Amino acid sequence: MIQVRGLTKQYAAVCAVDDLTFDVLPGKVTGFLGPNGAGKSTTMRMILGLDKPTAGSALVGGRPFARLGEPLRAAGALLDAQAVHPGRSGRDHLRVAARTHGIPVRRVDEVIDQVGLGPAARRRVRGYSLGMRQRLGIATALLGDPAALLFDEPMNGLDLDGVRWIRRLVRELADDGRTVLLSSHLMSEMEQTADHLVIIGRGRLIADASIQEVMRGEGAARKVRVRTPSTDQLAGALLRMRLRVHPTDDGELLVEGASAETVGDVALEAGVAVHRLAEEHTSLEQVYLDLTGDSVQYKVSGTPELVRR
Amino acid sequence: MTAVAVQEPGTLAVFTRAAAAEWLRLRTVRTTWWCLLAAAVTIVGLGVIAAADDAQGPVGPGNPLPSTFAGEYGVMLGQFALLVLALLAVTQEYATGAIGPTLQWTPRRGVLLAARVAVPAVVATVVGVSLALIADVLALLVDPDLTLSLADAADSLARIAAVLVAGSVLAVGLGFFLRSTAGALATVFLLQLVLPFLLPAFGVQWMADLGELLPGSGAIWTLLREPEMTATQATALLVGWSGVALAAGGWSLLRRDAG
Ligand SMILES: Nc1ncnc2c1ncn2[C@@H]1O[C@H](COP(=O)(O)OP(=O)(O)O)[C@@H](O)[C@H]1O
Ligand SMILES: [Mg+2]
């Protein structure tokens with residue numbers, strides 16, 4: 001189980017991760033979906049204690065990863081397959097990892113077999129193809145027989161066989177009762193692999209729903225369309241509730257992430273007449289595609305704002 | 001998979017494993033062996049050349065000269081091969097990104113720092129002292145007028161050990177602080193070798209004074225008894241500089257993102 005609470009990472013120019021909260025549950029493959037630059041890698045690095053959050057926290061198996069004495073038993077990760085000393089053999093790389101945990105060399109040869117690295121394990125990593133490096137990274141992640149696994153875009157650059165192999169592997173790991181977090185920027189990749197989706201864009205949570213809900217368009221980001229004679233007054237009241245409001249071309253307001261009940265209540269409280277109130281559902285896939293297609297439109301900022309379009 | 005309540009190992013156990021992993025890391029890259037070869041050639045080679053050189057000069061029979069100067073001359077230059085070994089143990093991981101996996105296996109950064117300082121420092125010191133001893137013994141063979149008493153050998157090797165411990169801690173600290181091989185290497189060479197020799201060469205007093213404040217001057221004095229300074233000053237230079245470098249490197253490892 002991985003728990004992410006209010007996780008935030010502010011770099012000088014960008015807020016890479018913005019107040020993310022979600023859980024990754026055991027026994028499932030959780031897809032971590034977002035366009036390039038959404039903050040997936042940064043989130044994973046913070047979960048693993050590599051980068052320090054500006055705010056918030058992450059727990060792996062109930063504890064901060066950076067304090068663990070035997071971290072490879074709590075979580076194994078493949079973040080960047082290239083991040084290996086090229087002069088060392090794959091097997092030596094694994095032996096070093098094993099030694100940090102007192103894991104016997106027998107286990108090293110076991111994971112080498114499991115990922116199908118075979119005799120290449122004794123060659124220096126310098127000569128490995130990307131696919132072989134991915135396999136080495138996955139072997140390292142599996143070494144400590146961990147309760148949780150984090151894979152950052154593991155299918156990137158793999159051929160079809162490699163992709164199938166990863167799908168089967170993460171399925172087996174989840175069926176074993178492990179927690180599996182798998183990132184990708186492709187919705188299509190996730191459809192066939194994940195049970196649950198955590199979708200982010202520009203560092204913010206867009207959705208946290210099962211794959212069925214996503215495919216049915218449920219749990220989708222809701223929008224409410226409201227017509228009122230007192231547009232400015234209602235917009236002001238909604239903004240004070242930290243809701244995002246867009247004026248539409250036909251003089252209505254589009255409120256994001258709220259239900260009709262909420263908008264109706266806000267209108268009542270503000271003493272504003274409502275002439276029309278309608279919920280609009282957008283499928284997550286559509287939201288996701290919109291987000292990848294046009295990054296300006298879904299400008300996310302920390303403060304509520306009125307976006308004119 | 002079965003959930004087993006895992007007993008958290010104590011800090012000492014985590015350190016011992018991290019140190020064992022560091023030792024294996026050093027052994028499994030070729031650069032280490034190239035550095036050791038370079039150290040062996042330089043320390044033993046220069047030591048023997050210095051002895052041969054001395055054999056031609058007049059050595060007063062009433063004033064026997066200990067052969068330990070051979071190892072000391074050898075280490076004066078040969079130490080750099082060992083400092084490079086210690087430095088690369090740190091900076092190569094930043095260059096290749098391998099620091100990421102390393103910190104996933106040993107996320108307790110204080111423990112990693114301790115292991116990554118201790119193992120290269122011990123390796124550099126043990127190797128350097130052994131090679132110096134070999135140079136001393138070979139010097140005896142080259143120039144039979146030289147002597148090598150146990151007391152002289154112990155004194156000389158202890159001074160060499162102090163220089164190598166201080167030097168490798170300086171190198172590792174700078175490696176963690178600067179994270180770049182080129183930057184850290186240049187800084188170590190400047191502080192330890194180039195500036196201490198170069199600055200006095202200008203014949204300007206304040207430059208010479210400045211040179212005497214560098215860690216290299218402390219190392220040169222400890223090995224060769226020059227330039228003019230007291231043992232306290234030399235010790236302060238060795239301990240002070242390596243302490244500052246270690247603090248800066250420790251700050252960088254413990255407080256900054258992995259890199
Ligand atoms: N070390 C860094 N310094 C500054 N900006 C960074 C750094 N790492 C990532 N970013 C920025 O943070 C955002 C999120 O990046 P990342 O987590 O790599 O996204 P993803 O993995 O979803 O593609 C991007 O805008 C990226 O440019
Ligand atoms: Mg990424």
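Reply: Buried means under 20% relative accessible area, exposed means over 50%, and partly exposed is in between (1.4 Å probe, protein chains only). This is a predicted model: local features need pLDDT of at least 70, side-chain atom pairs count only at pLDDT 80 or more, and totals for chains, interfaces and linings use all residues. Residues are numbered from 1 along each chain as its sequence is written, chains are lettered from A and ligands numbered from 1 in the order in which they are written, and side-chain values use heavy atoms, with hydrogens and water left out.

Start with chain B. Of its 259 residues, 49% count as buried. Chain B has ten helices and zero strands. Helices (H or I, at least four residues) and strands (E, at least two) are DSSP runs, numbered from the N terminus. The C-alpha trace of chain B spans about 80 × 40 × 30 Å along its principal axes. Contact means heavy atoms within 4.5 Å. Among chain B contacts with a separation of 6 or more, 77% join residues 24 or more positions apart.

Now the cores. A nonpolar core is a set of buried Ala, Val, Leu, Ile, Met, Phe, Trp, Tyr and Cys residues joined through side-chain atoms within 4.5 Å. In soluble globular proteins, nonpolar side chains tend to be buried together. The largest core here has 53 residues. Those with the most contacts inside it are Leu117(A), Ile138(A), Leu142(A), Phe151(A) and Leu197(A). Helix α6 of chain A (residues 160-175) gives the most to this core, with seven residues. A second, separate core has 48 residues, including Ala18(B), Val44(B), Leu131(B) and Leu238(B).

Look at Leu142(A). Beyond its neighbours within four places in sequence, its contacts include Arg107(A), Val111(A), Leu149(A), Leu169(A) and Leu173(A).

Helix α5 of chain A covers residues 130-142. It lies across β5 and β6 (148-152), running at about 170° to β5(A). Axes are lines fitted to C-alpha atoms, for helices over the stretch in contact, and angles run from 0 to 180 degrees between N-to-C directions. Thr140(A) also lies in α5. It is buried, because its relative accessible area is 7%. Residues up to four places away aside, Thr140(A) touches His93(A), Leu94(A), Ala97(A) and, in chain B, Trp105(B).

Next, the sheet. Six strands of chain A form an open sheet in the order β5-β6-β7-β3-β8-β9, with mixed pairing. Two strands pair if DSSP finds at least two bridges between them. The edge strands, each pairing on one side only, are β5 (75-78) and β9 (204-210). Neighbouring strands are turned by 15° against each other on average, direction ignored. Strands β3 (29-33) and β8 (196-201) of chain A pair in the parallel sense over four bridges. There, Gly31(A) stands opposite Leu197(A) in β8(A).

Finish with Asp195(A), in the loop between α7 (187-191) and β8 of chain A. It counts as partly exposed because its relative accessibility is 24%. Not counting residues up to four places away, its contacts include Lys28(A), Val29(A), Arg171(A) and Ser210(A).
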